[in-house]
Amino acid sequence: MSSERIIIIGSGPAGLGAAYRLKELGYENWAMYEQDDRIGGLSSSFVDEQGFTWDIGGHVMFSSIERFNRLADGLMGQDFISHERESWIRTLKRWVPYPFQNNIRYLPKDKIVECLLGLISAQYSDKKTSANFEDWIYKTFGEGIANLFLGPYNAKVWAVPLNLMSYDWIAERISPISIERIMRNVVMEQDDIGWGPNNRFKFPLYGGTGGFFNEFMPEVKEKIHFRKKLTSIDIDAKKVALNGSEADDYDSLINTAPIDLVTGMIKSGHTDTSSSVRAASQLKHNGIYVVGLGLRKKMIGTKCWAYFPDEEVPFYRLTYFSHYSPNNVPNGDTDTYSSLMCEISFSEYKPADESRLVDLTIESLIREGVIAQDDSRLIVSKWVKKIEYAYPIPTLQRDDNLRLIQSFLLDNNIYSRGRFGAWLYELGNMDHSTLMGIEAVDRIVLGEKETLWKA
Ligand SMILES: Cc1cc2nc3c(=O)[nH]c(=O)nc-3n(C[C@H](O)[C@H](O)[C@H](O)COP(=O)(O)OP(=O)(O)OC[C@H]3O[C@@H](n4cnc5c(N)ncnc54)[C@H](O)[C@@H]3O)c2cc1C
């Protein structure tokens, strides 16, 4: 086992995975720097003054990664609640069960016909020649489903024109199409809601999603330094600067901060960094606002979350957050309280007006029948969080740019992993990020091959 100095930047799931593994291996020569004053990154949770717990948008835990599941079970024991997903699409003033394409029978009759005719003509198109994500949606699902849901919903969540995006990341993210199944569902009037890797999920009993990651604290607390922001990297001297001045040396650097920013921080007297910096500046991401509304009212129903493709509604997703754990509301009292969490995306293509966000969100929740007009008087908490880096966007040039950047970083012993460290949305969940951190350590310390992230 090597004993070189390892620096970890960021204490989100990827950084915590790396730290956990180092501790497990009994490795001593490492430190972790976090710009914030808390661990968890995008997977952390917040308790507001009224006692409501909030996540950074709807987070649910589901994983097919055995190594992650073992770790999660070991850290959390019984302190999880298991849920069966109940998710919906709200459009045309109707609730359509998720996945939309399998449940179009809930639409008005003329829209069902539109979807079916679109699907039939899509059977004859060659998906493999799709030029971009938008083209792929139309060729795969046809005009009806594309115009009603997949087009507007994706444009809303990504906040980027869909013709700038690739489609090879999709795999488990969008339900595949079977025209026979869809027709059968319509004719036989049957629901078809089971698809997807997250059809069952777990949620921490206490502390929101961050409650799980807080369990890593005993593993990292001696070596984590809070309010230490990486500000530059000297790849010749192998030194990081923190908060502009303080420095630490590294032999290997595990970076989990956004790769575009970190590449821009690199300084060298010998190496030309300009092509990597240029490639990094072409990576695109969006941001989100999370609007949490705490109500002094019991929530009826069993919905987990709902997607809102329609343009008049500012948010793309609504989470019925008090359904995830009673402890997300004050005193765990779901007979008295409930909570809703809405996500609104923004980007260079789609500005969001923060000043009106909460009012527009409440108006839309009333208009869409989620809460009643009178319920607005029962809103006892309004929590807003702005997140600059929320979704790494799979643009058409992403993979070429990443190849260039990552090979330059690796040549300089920098392992950039995690949601924005690797910038791979398809490997951007909590389990992926945690495992990427673990495997980066196995590679550096034990010389093992990474199985998840690949060059
Ligand atoms: C809206 C939304 C919903 C999601 N839903 C799910 C879900 O349902 N299920 C799921 O599994 N995953 C979900 N995710 C993904 C999950 O949040 C991420 O997988 C996970 O948090 C990524 O971990 P990470 O460590 O790679 O990065 P992050 O969580 O982003 O952590 C990076 C850390 O680095 C720190 N940092 C950044 N820059 C610097 C710097 N210069 N110096 C020092 N520190 C720095 C940050 O403060 C942060 O603590 C969701 C994400 C979002 C945004």
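## A helix across the sheet

Helix 4 (residues 133–158) lies across strand 6 (87–91), strand 15, strand 16 (305–307), strand 18 (338–346) and strand 19, and runs at about 100° to strand 6. Helices (H or I, at least four residues) and strands (E, at least two) are DSSP runs, numbered from the N terminus. Axes are lines fitted to C-alpha atoms, for helices over the stretch in contact, and angles run from 0 to 180 degrees between N-to-C directions. Helix 10 (residues 354–367) also packs on the sheet, where it touches strand 15, strand 18 and strand 19; its direction makes about 55° with that of strand 15. Contact between two residues requires their C-beta atoms, placed from the backbone, to lie within 7 Å.

The model is a predicted one: local features need pLDDT of at least 70, side-chain atom pairs count only at pLDDT 80 or more, and totals for chains, interfaces and linings use all residues. Residues are numbered from 1 along each chain as its sequence is written.

Seven strands form an open sheet in the order 7-6-16-17-18-15-19, with mixed pairing. At its edges are strand 7 (94–97) and strand 19 (379–392), each of which pairs on one side only. From one strand to the next, the twist averages 25°. Two strands pair if DSSP finds at least two bridges between them.

Strand 15 (residues 285–295) and strand 19 run antiparallel and are joined by ten bridges. His285 stands opposite Pro392 in strand 19.

## Domains

An automatic or database domain assignment is the origin of the domain bounds. It gives domain 1 (6–39 + 216–283 + 394–446), domain 2 (46–63 + 80–85 + 198–207 + 286–392) and domain 3 (97–187).

The C-alpha centres of domain 2 and domain 3 are 26 Å apart. Eleven residues of domain 2 are in contact with ten residues of domain 3. On the side of domain 2 that touches domain 3, six residues are nonpolar, three polar and two charged. In this division Ala, Val, Leu, Ile, Met, Phe, Trp, Tyr, Cys and Pro count as nonpolar, Asp, Glu, Lys and Arg as charged, and the others, Gly among them, as polar.

## Around the ligand

The ligand is surrounded by 35 residues, of which the closest are Gly10, Gly12, Gly41, Gly57 and Gly418. A residue is near a molecule if its C-beta atom, placed from the backbone, lies within 6 Å of it. The shell divides into 13 nonpolar, 16 polar and six charged residues.

Domain 1 and domain 2 each contribute at least three residues to this shell. Helix 1 (13–24), helix 12 (419–422) and helix 13 (430–446) each supply at least two.

## Backbone details

Most residues other than glycine have a negative phi, and most peptide bonds are trans. The peptide bond from Tyr98 to Pro99 is cis, with omega near -5°. Pro99 lies in the loop between strand 7 and helix 3 (109–122).

Strand 11 (239–242) and strand 12 (246–249) have Asn243 in the loop between them. These two strands form a hairpin with three residues between them, and Asn243 in the turn has a positive phi of about 50°. Four bridges join the antiparallel strands 11 and 12, and Lys239 has Asp249 in strand 12 as its bridge partner. Asn243 counts as exposed because it has 12 C-beta neighbours inside 10 Å. A residue is buried if 20 or more other C-beta atoms, placed from the backbone, lie within 10 Å of its own, exposed if 12 or fewer, and partly exposed in between.

Asn331 has a positive phi of about 60° although it is not a glycine. Asn331 lies in the loop between strand 17 (317–319) and strand 18, and is exposed, with 10 other C-beta atoms within 10 Å.
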